[in-house]
Amino acid sequence: MINNILVPTDYSLNSDKAVKYAIEIARKSGAKLTFLNIYYVPTYIVDVPIDPVSEGALKAKALRELELFKLEHLSETIEISLECILRVGNTVEQIVACANEINADLIIMGTKGASGIAEVVFGSNTEDVIEKSDIPVLAIPMMAHRLEFNNVVFATNYHYNDFMALEELIDVAKLFDATITVLHIDDGELVHEFEYSMLDNFRARVKEKISYPNIHFQLMENKNVYEGLQDFIHKNKIDLLVLSARKKVMYNHFFGKSISTKMVFHTHIPLLVFKINEDDEITNF
């Protein structure tokens, strides 16, 4: 169940986009929203003739901005439980700490979706939160425009934790009556008979334990897994991509090293990342 959603915001356009998705999910699920803003308290060099701004004044200004932000996004017709929190400190650390304190079930963040140096500047916070938080993160790129998740693809490598993540994904899919495609991309490293056997076993396990009716399973062949996934997203009009990532290391077991990071920056649809808490092996159910 989704009961608490944390939405960090810096009032930028990409965080505004994340808020729109968060409101829609909260409206459908009845979850409580928490807007979090981390503001900066500057340090001053002694004997430099600058009038320092008091921390109290900075906090008051931040409170006003957060209140205006709330009023801008929530109308009287939207009945959502909402709390606003201000924090000072490291952005990523404060997001992770606040998410744990409020028992968040989901963190929703904007991501710029750029290339080159802009990746480091605009994408690092979202990537770092995905890496450091045990709580699922929904990353919303600037290019995303649909507030509905109708067609969802869940990339799997048949790990047991993929099964647990799929159970959690159902809570999101039910809100939109979404169709889920559980996809494995065969890059030719293993014999086809083994790949099909693993998919059949995973399908049987899911059908046995999960009653959600709109789940389909597909094996796709492509030597380049990243390109294969992008092609699948484009051809099937996917509007939510779901991955699992290993704890402490930005390493996605579906793709291999660094591909999770690549998807955070370059997907044009929302990306939902579940955390893997164990370095588990492929599980034959």
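A salt bridge here is a side-chain nitrogen of Lys or Arg within 4 Å of a carboxyl oxygen of Asp or Glu.

**Figure 1. A network of salt bridges links Glu 24, Arg 27, Lys 28 and Glu 148.** The model shown in this and the following views is predicted. In this view the side chains of Glu 24, Arg 27, Lys 28 and Glu 148 are joined by salt bridges into a network, and across the chain the count of salt bridges comes to nine. The chain as a whole contains eight helices and twelve strands, and buried residues account for 51% of its 285 residues.

**Figure 2. A salt bridge joins Arg 87 to Glu 101.** The two side chains meet at 2.5 Å, taken from N to O, and the pair links distant parts of the chain, with Arg 87 in strand S3 (residues 82-88) and Glu 101 in helix H3, 14 residues apart. Glu 101 is exposed, because its relative accessible area of 52% lies over the 50% cut-off.

Figure 3. Lys 235 is exposed, with a relative accessible area of 61%, whereas Asp 231 is partly exposed, with a value of 28%.

**Figure 4. Val 92 is a buried residue of helix H3.** Val 92, in helix H3 (residues 91-101), has a relative accessible area of 5% and is therefore buried, the cut-off being under 20%. Leaving aside neighbours within four places in sequence, Val 92 is in contact with Asn 125, Asp 128, Val 129 and Lys 132. Pro 8, which is 84 residues from Val 92 in sequence, lies 9.7 Å from Val 92 in space, C-alpha to C-alpha.

**Figure 5. The side chain of Asn 37 lies beside the backbone oxygen of Thr 9.** Asn 37 is found in strand S2 (residues 32-39) and counts as buried, at 5% relative accessibility. A polar atom of the Asn 37 side chain is 3.0 Å from the backbone oxygen of Thr 9.

Technical notes:
Residues are numbered from 1 along each chain as its sequence is written. This is a predicted model: local features need pLDDT of at least 70, side-chain atom pairs count only at pLDDT 80 or more; totals for chains, interfaces and linings use all residues. Side-chain values use heavy atoms; hydrogens and water are left out. Helices (H or I, at least four residues) and strands (E, at least two) are DSSP runs, numbered from the N terminus. Buried means under 20% relative accessible area, exposed over 50%, partly exposed in between (1.4 Å probe, protein chains only). Contact means heavy atoms within 4.5 Å. A polar contact is a pair of N or O atoms within 3.5 Å; within protein, one must be able to donate a hydrogen and the other to accept it, and residues adjacent in sequence count only if both atoms are side-chain atoms.
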